[in-house]
Structure formats: C-alpha cells, structure tokens
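Open the model in your viewer and keep the selection tool at hand. The tour goes stop by stop.

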Amino acid sequence: MTDPNHPTAADAPRAKGTPVVTDTTKVDSVGDVDGALEPGQVPTLAAREEPSRWRAAVGQIVGGSAGISVLAVVLALLVGAVLIAVTDAGVQSAAGYFFARPGDTLQAIGRAVGGAYAALFQGAIWNVRRDTFAGQIKPITDTLTFATPLIAAGLGVALAFRVGLFNIGAQGQLLVGAIFAGWVATHLQLPYGIHLIVAVIAGIVGGAVWGGIAGILRARTGAHEVIVTIMLNYVAVYLLTFLLKTPVLQAPGSTNPKSAAIEPTAELPQLFGVQFQLHLGFVLAIIATAVVWFVLNRSSLGFRFRAVGENPHAARVAGMNVKNLYLWAMLISGGLAGLAATSQVLGGSLTSGFSVGVDAGIGFDAITVALLGRSRPVGVFVAGVLFGAFKAGGYTMQAAQNVPVDVVLVVQSIIVLLIAAPPLVRAVFRLPIPVPRAPRAARPSKAEVSQ
Amino acid sequence: MSAVVTGDVVAPTSTPRAFLARWKTPIALGLFSVIGIAVFVGAAHTGTSTFRLSTGTDVIKLPEIAVPTLAATIVLSILLVAATVLAVVRVRQGRSTFWLVAVFALVFLFDFLSWVATGQTIPVPGLLVGAVSLSTPLIFGALGGVIGERVGVVNVAIEGQFLAGAFTSALVASLTRSPWAGLVAAMIAGVLVSFVLAAFAIKYLVDQVIVGVVLNVLVTGLTSFLYTKLLSPNINTLNSPPRFERVEIPLLSQIPIIGPTLFRQTVIVYLMYIAVAAVWFALFKTRWGLRVRAVGEHPQAADTVGINVNRTRFWNVSLAGAIAGLGGAFFTLGSVGAFQKEMTGGYGFIALAAVIFGRWDPIRATFAALLFGFATNLRSVLQAIGSSVPSELMLMLPYVVTIFAVAGLVGASRPPAASGKPYVKS
C-alpha cells in the first residue's frame with residue numbers, strides 16, 4: 001500500500017477498468033470495454049470503500065481500459081509467438097547451433113512466427129494474395145460470419161451475468177434452439193419470408209425453453225443454475241442425437257444421424273451475394289446487440305435486472321420480485337442462444353443439413369466472449385468479432401503454416417485474463433499507475449454512492 | 001458462480017409455494033413411482049432378468065439371481081409406492097425423509113435394471129468396479145473444489161487442473177518410465193494452474209469464475225497445442241506412459257461384491273480413499289480446517305484473530321490444485337495410458353456439480369461423484385449387454401435424475417458465505 005511501483009490489491013478499485021468484484025454473482029464491474037461508466041450503475045462494495053470520484057478521472061488518463069486492452073492483445077500474441085517458435089522444427093534445428101550462428105535462429109523464429117500470424121491475418125481480415133477486391137475482402141466477411149453466433153450466444157451469457165446468474169448452458173440452449181429451428185425449416189412448407197421468420201422464432205423459443213427450465217428451477221426451488229445448466233447441456237446433446245436418428249429430424253431415407261437440407265424458403269439470405277458466406281444472421285446479431293443494450297440500460301426491466309445482479313437482497317427489499325427476474329433473465333438468455341442456433345442452422349455452411357456437432361463449441365466460447373466483453377452488449381459485440389476473426393484465421397493458419405489451431409485458444413484466454421487484471425499489464429509494461437497517490441480519503445458521501 | 005441463494009429460503013407460511021416446499025419430496029417420489037409403474041411394469045417384456053454377483057476369481061461365489069422380469073418390476077414398483085406413502089406419513093410428522101429417498105433411489109434403480117435386463121445378465125461386480133474407478137477423478141476434483149470453496153475461492157478450473165495433470169503425468173511418466181513420477185508431476189501441474197487462479201483471484205481481485213473459466217480454455221489450448229506439436233509425432237518417447245496395475249488387497253478383496261468393487265483397484269483409487277478421509281478429517285477435526293472454514297465463512301473475523309486470510313487462501317487453493325491434479329493423472333496413468341486431446345471431456349464440470357450437489361461437504365460430494373460415476377458406467381454396461389432402450393435416452397437419465405435431485409431434494413443450498421469474494425484488508 002505504500003510502494004507505488006507495486007500495485008496492491010487495494011489499488012485496484014481506483015483503476016479504471018479493473019473488474020473489482022466483491023459479489024460472486026457480479027461478473028462485470030467497474031469498467032467497460034469502451035470505458036464508459038453506465039448511467040445509473042451502482043458502485044460496487046469495494047468502490048464504495050475507496051473514493052469513487054477517482055474512477056471518473058481515471059477514465060481519461062493513460063492506461064485506461066482501451067490502452068490496456070491493446071496491450072493485453074499484444075502480450076497474448078507474444079505468448080502465442082513464443083509457443084509457435086519453440087515448437088517449430090526449423091527453429092529447433094537452428095537453435096542447435098545458436099552460439100555459432102545466432103542469426104539463423106532469429107531468422108527461423110521470424111519465419112515461423114511471421115508466417116503464422118500473416119496467415120492468421122490473411123484468413124481473418126484481408127487476403128493480399130487475391131487479385132480481385134471480392135477475394136481480398138472475403139476473409140473479413142468470414143470473420144463476421146463466425147462472429148454472428150458468438151455475438152448472439154455471448155449476449156445471452158452476458159445478460160445472465162448481469163443478473164447474477166452463471167449460465168453455462170448456452171450449449172444446450174443452442175442445441176435445443178437448433179432442434180426447434182431445424183424441425184420448422186425441414187418439415188414445414190411456407191412461403192418465402194414467413195418461413196424464415198417462423199424458423200427464427202422457433203429457434204429462439206427453443207433456446208428460451210431450455211434456458212427457462214434452469215430459470216424456473218432456480219426461481220421456484222432454488223436449484224443452483226450452474227448444476228442445472230451443466231446437466232441440461234448433456235441432456236440436450238443426447239436429445240439431439242436421439243432425434244437425429246428418428247424421423248423428427250433425420251433426413252428421409254438416410255441412416256446417418258444428420259438432418260435433411262433445410263428448405264430454401266427458411267434460409268437466412270446471404271447479404272452480399274453467393275460468393276460470401278455472410279448472411280442475414282449478422283444483421284440479426286446487430287439488432288440483438290441493440291435490443292439487449294436498450295433492455296439493460298434504458299428499460300425498467302433492465303434496471304431491475306441490474307439491481308438483482310448487484311444485490312439480490314437489496315432488490316427484494318426494494319420490492320422487486322427477484323425470482324421472476326431470474327426466470328425472465330434465463331428465458332432471454334436462452335432465447336439469445338437460440339438465436340445463435342438459427343444462424344448456425346439456417347445460414348452458412350450447415351444449410352445442407354446439420355448433425356450433433358452443430359454447436360461447434362460456440363456454447364462455451366460464448367462464456368469467454370461475454371467475459372471479454374465485460375458483459376456489456378457493445379463489448380460483447382466487439383469481443384465476438386475478435387473471436388470470430390481468431391476462428392476464421394486460425395483454420396487458415398493451421399492449413400497454411402501447420403500451426404495447430406489450438407494456439408488461438410491460448411491467445412484468446414490470455415487476452416481475457418490480462419484484460420481482467422490491468423495491474424498485471426501495467427507491471428509488465430512498467431506503466432505508471434494512472435492515479436496519483438493520495439492519502440486514504442474519507443468514505444464517499446451518500447450522494448456519490450448513489451450517483 | 002456460487003450465486004447468492006441464501007435469500008431464497010421459502011418462508012414457512014401457508015402459501016401454495018410453502019406447501020410445495022414442504023411436500024416436494026413426496027411429490028417427486030410419487031412422480032417417479034408413476035414413471036416406474038408406467039414404464040417398467042407397463043412396458044415390461046416377458047423373460048427373466050439375471051444378476052451376476054460374483055466374478056470368476058472370487059473365493060466365495062454367490063449364485064446368480066434370476067428373476068422373472070414382470071414379477072420383479074411389479075414387486076419393486078409396489079415397494080416404490082410404499083416408500084412414497086411412507087414419505088407422506090413422515091412429512092406429515094415433520095420428520096426427515098433423507099434415508100427414505102436413498103432407499104427409494106436404490107429400489108428404483110433395481111426396478112430399472114430388472115426391466116432393462118430382460119433376457120440378459122447384469123454383471124453387478126463389473127458395474128460397481130467400473131463405477132468406483134470412473135468416479136475416482138470426479139472425487140479428486142470434487143475434493144479440490146470443496147477445499148477451494150471452503151477457503152473462499154471458487155474453483156471452476158477443475159477441468160483445467162485435470163487436463164494439466166493428465167498431460168503432465170503422461171509426459172513425465174513416459175520420460176521417466178515411472179508412474180509414480182507421473183503422479184507427482186500431475187500434482188505439480190495442478191498446483192501451477194492453482195497458482196495462476198490464486199494469483200489472479202487474490203492479488204489482482206479478478207472474479208474467480210472468470211479466471212476459472214478462462215484457465216480451462218487456456219489449459220485446453222496449451223495441452224492440445226503441445227499434444228499436436230510434440231506428443232503425437234513422438235508417441236513412443238513422450239506419450240506411452242506405464243500404467244498403474246490393479247492391486248488386490250489380501251483378504252479384503254475376497255469379500256463378495258464389496259471386495260472386487262473397492263479392493264481390486266489401482267493405487268490411484270486407494271489414494272482417493274485416503275484423500276477423502278484425510279480431507280474430511282482435516283476440514284472438520286483440525287485447527288487447519290477450522291481456519292480454512294473461518295476464512296471462507298467470515299474473513300474479517302478470521303483476520304481479526306490473526307489469521308492471514310490471503311495467505312491461507314493461496315496455499316489452500318494450491319493444495320486443492322494438487323488434489324485435482326491427481327484426478328487428472330487418473331485419466332492417463334489409471335485408465336487409458338496415453339494422453340489425448342481434451343481427454344477429460346467435461347469431467348471437471350461434473351466434479352463442480354458434485355461439489356454443489358454435495359453441499360460443499362467432502363463426504364457428500366464424494367457420494368455425488370460416485371452417483372455420476374455409476375451412471376456413466378451403467379450406460380456402458382447396458383450398451384455392452386445390448387439393451388433395447390435407445391442408448392441416448394438412457395444416457396440422458398443420470399443428468400435428468402441429477403436435475404430432479406437438485407431441484408427436489410437439495411433445493412436452496414448455501415455455499416460458504418465468503419466463497420468467491422476477494423478479501424481486501426481495510
């Protein structure tokens with residue numbers, strides 16, 4: 001507490017963007033990805049113990065959350081580079097005679113790391129090797145396609161976080177959404193437009209039902225949502241596997257556990273013609289982001305959600321029906337995972353029929369996306385696009401440079417870890433603590449607490 | 001994650017909800033009885049169901065029990081109804097129904113087995129042996145989770161500790177040709193994962209659930225990357241660890257049914273028995289345990305009497321990592337041998353569920369983990385004997401039962417009060 005070069009635990013609450021979490025149920029916290037304190041946000045307990053006026057000032061000072069985020073990405077890519085270099089065969093053989101010709105080793109490292117990250121960039125953002133503009137920008141549209149379900153499901157997880165619920169069940173909710181949407185898309189004959197709308201709504205309903213089970217059990221019996229959602233994930237996997245072997249979902253005349261191709265009337269149309277995968281689902285994801293933002297920040301339901309997330313006891317004392325709010329939160333959270341399912345089933349490459357792998361790990365990635373986005377809708381959107389880029393680029397990197405796509409997981413998780421711990425990033429880069437040291441101030445007045 | 005549930009305790013008023021809270025056990029039992037009668041009696045096949053009680057190497061051989069399926073399911077279903085009625089009586093008297101539920105579950109299980117095994121033989125010892133060994137990593141993981149939460153740090157990183165343990169033990173055991181070295185390496189790997197968890201949670205005050213989830217991803221990425229780059233091109237030198245052999249304990253292993261189940265296992269399983277007993281004893285009977293629980297329940301009070309809260313947390317989370325790492329070693333050294341990508345397959349999350357299901361108590365968590373292990377093994381045994389039930393529906397059963405159990409029996413459970421909350425000295 002006395003050495004400014006060693007940020008201690010108690011310094012953290014003063015730093016903008018430090019997720020000081022005093023309540024287990026509260027995952028997001030002081031900071032936002034874009035650095036704005038939400039209006040009406042109740043300061044956390046720790047913030048109350050420290051002068052909260054610092055936080056307003058800190059936002060403008062160097063080392064704010066935007067700067068920290070960039071540095072975190074740089075650090076994570078460095079760690080990834082070390083992994084790639086150490087395991088590269090060329091680097092290993094050159095390192096064998098490092099002291100004779102150190103230049104060779106450095107060159108080999110450069111080749112391995114540079115090649116891998118160049119491939120990542122080309123697969124995710126801009127392909128310089130193509131001649132046409134369409135070919136060059138195709139990677140960025142792939143990124144957005146991968147990002148679509150991540151954003152939708154991530155919003156669901158984030159919304160539950162804000163209410164103090166830890167929804168690990170995005171996977172199950174997504175699968176049940178896929179069952180509903182898949183059935184509508186393969187069994188019903190409806191005109192263009194209407195079919196798509198019905199299928200999307202069915203997917204959302206499917207996810208909401210699955211999330212709602214966890215919500216209603218939490219509300220009525222107090223069953224811990226973590227266990228229930230984990231269990232419901234498994235149940236959904238087996239339910240889908242079972243249905244894919246019955247006429248409910250299995251393609252007629254087939255013995256594979258795979259659905260029929262969905263009706264063209266139910267497909268999410270591609271936005272920029274057939275050469276790009278990007279489909280209408282991305283627009284739905286943008287709309288979902290806006291809606292979730294509005295609900296959380298501008299509606300009375302959202303106010304109650306956040307109040308429950310901050311302190312369920314206080315919310316109850318204030319006359320809110322905490323149990324119903326838990327149910328609503330899980331319904332909406334599941335519905336968003338169901339929306340992610342529709343972009344998987346009705347758009348992209350799976351329109352020719354989906355199998356039990358329709359989830360593609362999105363259910364769990366959604367948790368990381370929500371964490372990286374600090375459970376703020378806009379943050380989740382940005383995090384979803386970033387993870388989409390890693391997904392799109394990771395496969396290119398694996399194919400072109402023989403670097404296992406798993407390195408992307410390492411980079412992603414380190415980014416999330418570092419962004420969650422700004423003091424660590426500052427320590428690594430020897431940045432000054434952005435707040436001048438001050439003697440321990442008195443507790444803030446009531447007006448400041450309830451700003 | 002350990003969301004605040006303390007406030008949800010239903011007030012003892014005469015509302016419909018209070019009625020439901022009081023009568024949920026009989027209602028749930030009644031529901032299962034109806035399912036039992038409808039499915040097991042209604043859809044019973046004609047034939048006999050056989051239960052084999054002994055293995056080929058037993059000294060004392062028990063005879064196989066063969067029963068006509070329909071008669072067995074009828075009798076067992078009547079027992080289910082009787083248990084339900086008894087539950088109604090006991091609830092009316094305001095007495096506990098805990099043991100009744102346990103008996104009910106057992107009868108229901110036999111009802112199910114008799115129904116499913118028409119014309120087949122269920123190898124009871126095989127079922128139980130597999131159940132214990134499949135539960136072993138879950139129990140280690142659950143013990144790690146219990147210690148973590150008791151000291152006030154939520155350990156969602158059990159999956160990561162498993163994977164790190166499995167990977168390191170396979171690598172080190174292959175290099176040294178000694179499974180014991182692998183076991184130690186697995187513990188160290190678990191501790192290292194714990195160090196990261198503890199550092200971020202205690203020093204940097206990052207939400208513990210975030211760190212846990214992210215650590216799982218990090219370890220998955222690291223082990224998968226290294227597996228593809230290092231282990232799979234050099235299988236013979238880096239990924240062919242020697243496995244622990246089954247060790248029969250003299251005399252004890254000759255007890256019918258119990259012997260083969262508990263005393264013909266690998267060393268890791270015996271270590272598990274010791275760990276369960278040791279953790280229980282240490283948590284509830286020693287000064288260390290008192291301190292751990294004090295830090296997890298009321299860190300301010302613990303600090304006031306001179307306990308260093310954050311140091312206690314740091315070292316106990318590390319200990320929890322070592323225990324969970326042992327569980328990871330089971331996947332390789334105690335089971336298949338070689339490391340595979342993501343070979344822990346979500347077991348860490350099941351262990352986490354066992355912690356909560358077991359209400360943060362080492363013994364109860366162990367039983368919860370055994371339940372999951374049993375269910376997993378039941379599935380493979382039934383698949384092996386070629387049962388007619390669609391396997392997916394059967395696979396679903398343990399998870400559905402868990403949901404019912406958590407909703408109906410456990411209900412609003414209360415985690416250690418300070419679990420998940422960082423402690424800032426003021």
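Which residue stands opposite B:F51 in β2(B)? Select B:I65: B:F51 faces it there.

Some ground rules. This is a predicted model, where local features need pLDDT of at least 70, side-chain atom pairs count only at pLDDT 80 or more, and totals for chains, interfaces and linings use all residues. Residues are numbered from 1 along each chain as its sequence is written, while chains are lettered from A and ligands numbered from 1 in the order in which they are written.

**Stop 1: the sheet in chain B**

Select β1 (residues 48–52) of chain B. Four bridges join β1(B) to β2(B), and the two run antiparallel. Strands (E, at least two residues) and helices (H or I, at least four) are DSSP runs, numbered from the N terminus. Two strands pair if DSSP finds at least two bridges between them. Now show the open sheet of three strands: its order is β2-β1-β3 (chain B), with mixed pairing. β2 (65–68) and β3 (121–123) of chain B are at the edges with a single partner strand each, so one side of each has no neighbour in the sheet. From one strand to the next, the twist averages 20 degrees.

α4(B) lies across β1 and β3 of chain B, at about 40 degrees to β3(B). Axes are lines fitted to C-alpha atoms, for helices over the stretch in contact (C-beta atoms, placed from the backbone, within 7 Å); angles run from 0 to 180 degrees between N-to-C directions.

**Stop 2: a loop in chain B**

Go to B:L251, in the loop between β4 (246–248) and α9 (258–263) of chain B. Its phi is positive, near 65 degrees, and it is not a glycine. Most residues other than glycine have a negative phi. B:L251 is exposed, with 10 other C-beta atoms within 10 Å. Exposed means 12 or fewer such atoms, buried 20 or more, and partly exposed in between, with C-beta atoms placed from the backbone.

**Stop 3: chain A**

Jump to A:A360, in the loop between α13 (322–345) and α14 (362–372) of chain A. Here too phi is positive, about 50 degrees, in a residue that is not a glycine. A:A360 is partly exposed, with 16 other C-beta atoms within 10 Å.

Finish on helix α15 (residues 377–401) of chain A. Of its 25 residues, 21 are buried.

Methods:
Two residues are in contact if their C-beta atoms, placed from the backbone, lie within 7 Å.
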